[in-house]
Amino acid sequence: MNETSSNPTEDLYCPHSKVQDMLWGCLDKVAEPLLMQWPFSKLRQKALDTVMHHIHYEDENTRYICIGPVNKVLNMVCRWVEDPNSEAYQCHLERIKDYLWVAEDGMKMQGYNGSQLWDVALAAQAILATDLVEEYGSMLKKAHNFIKNTQVRTNSSGDLHYWYRHISKGGWPFSTPDNGWIVSDCTAEGLKL
């Protein structure tokens with residue numbers, strides 16, 4: 001069995017000063033325990049409840065893909081802390097494959113759940129710009145159907161202003177309609193075809 005040892009200096013990209021270490025120590029030993037006491041604990045709990053409320057909203061409106069891999073992992077960890085046996089946590093586990101894959105040199109995580117709409121739209125435009133339209137007619141028909149099916153058909157639920165969201169109905173995402181976040185460039189490409 002091959003064991004790797006952790007070397008903290010390897011992971012320290014930006015060394016910190018003794019003053020910074022002292023400040024962090026004070027925050028850990030003084031501020032954190034103070035914030036755990038009333039009345040600060042009430043404020044902290046309210047903030048945590050608000051954060052979890054937003055996480056629930058994001059999860060449900062993106063079908064547990066989230067806007068990207070970083071907040072996907074953070075949301076998944078928060079859902080696990082909330083209830084490791086919950087349906088929401090299981091939904092997160094099922095969507096991990098949207099971001100991970102195994103390459104020749106190991107596991108990889110991509111920065112988004114794909115670029116399907118963008119790739120199809122640009123490929124279709126490239127073929128349309130040639131004299132090969134007849135030859136690739138069936139592929140262009142499939143591309144058109146994919147683009148049509150990728151259009152976001154509904155807005156996110158609830159009060160969009162409260163959730164810091166914009167209308168999304170009628171737009172196109174970078175990848176698939178599951179996450180519900182439209183992109184202006186992709187909407188322009190979707191409208192072209």
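Strand β1 (residues 100–103) and strand β2 (residues 106–109) pair in the antiparallel sense, with four bridges between them. In this pairing L100 lies opposite M109 of β2. The link from β1 to β2 is a hairpin of two residues. These and the following details come from a predicted model.

The chain falls into domain 1 (17–109) and domain 2 (116–192). Their centres, taken over C-alpha atoms, are 30 Å apart. Eleven residues from domain 1 and eleven residues from domain 2 take part in the contact. About 1000 Å² is buried between domain 1 and domain 2, and carbon and sulfur atoms give 53% of this area.

| Helix | Residues |
|---|---|
| α3 | 40–61 |
| α4 | 69–82 |
| α5 | 87–95 |

Helix α5 has a buried side and an exposed one. A88, Y89, C91, H92 and R95 are its buried residues. Seen down the axis of α5, these residues fall within an arc of 155°, so they line one face of the helix. The face turned away from that buried side carries E87 and E94, both exposed. The cover over the buried residues of α5 includes α3 and α4.

Helix α3 also holds F40. The C-alpha atoms of F40 and G68 are separated by 32 Å, and the two residues are 28 places apart along the chain.

The largest nonpolar core has five residues: L117, A121, I147, W172 and C186. In soluble globular proteins, nonpolar side chains tend to be buried together. What does C186 touch, not counting residues up to four places away in sequence? The residues are L117, W118, W172, P173 and F174. Of these, L117 and W172 are also members of the core, as is C186 itself.

Terms used
Residues are numbered from 1 along each chain as its sequence is written. This is a predicted model: local features need pLDDT of at least 70, side-chain atom pairs count only at pLDDT 80 or more; totals for chains, interfaces and linings use all residues. Side-chain values use heavy atoms; hydrogens and water are left out. Buried means under 20% relative accessible area, exposed over 50%, partly exposed in between (1.4 Å probe, protein chains only). The arc is that of the directions from the helix axis to the C-beta atoms. Contact means heavy atoms within 4.5 Å. A nonpolar core is a set of buried Ala, Val, Leu, Ile, Met, Phe, Trp, Tyr and Cys residues joined through side-chain atoms within 4.5 Å. Two strands pair if DSSP finds at least two bridges between them. Domain bounds come from an automatic or database domain assignment. Buried area is the accessible area (1.4 Å probe) that two parts lose on being put together, summed over both.
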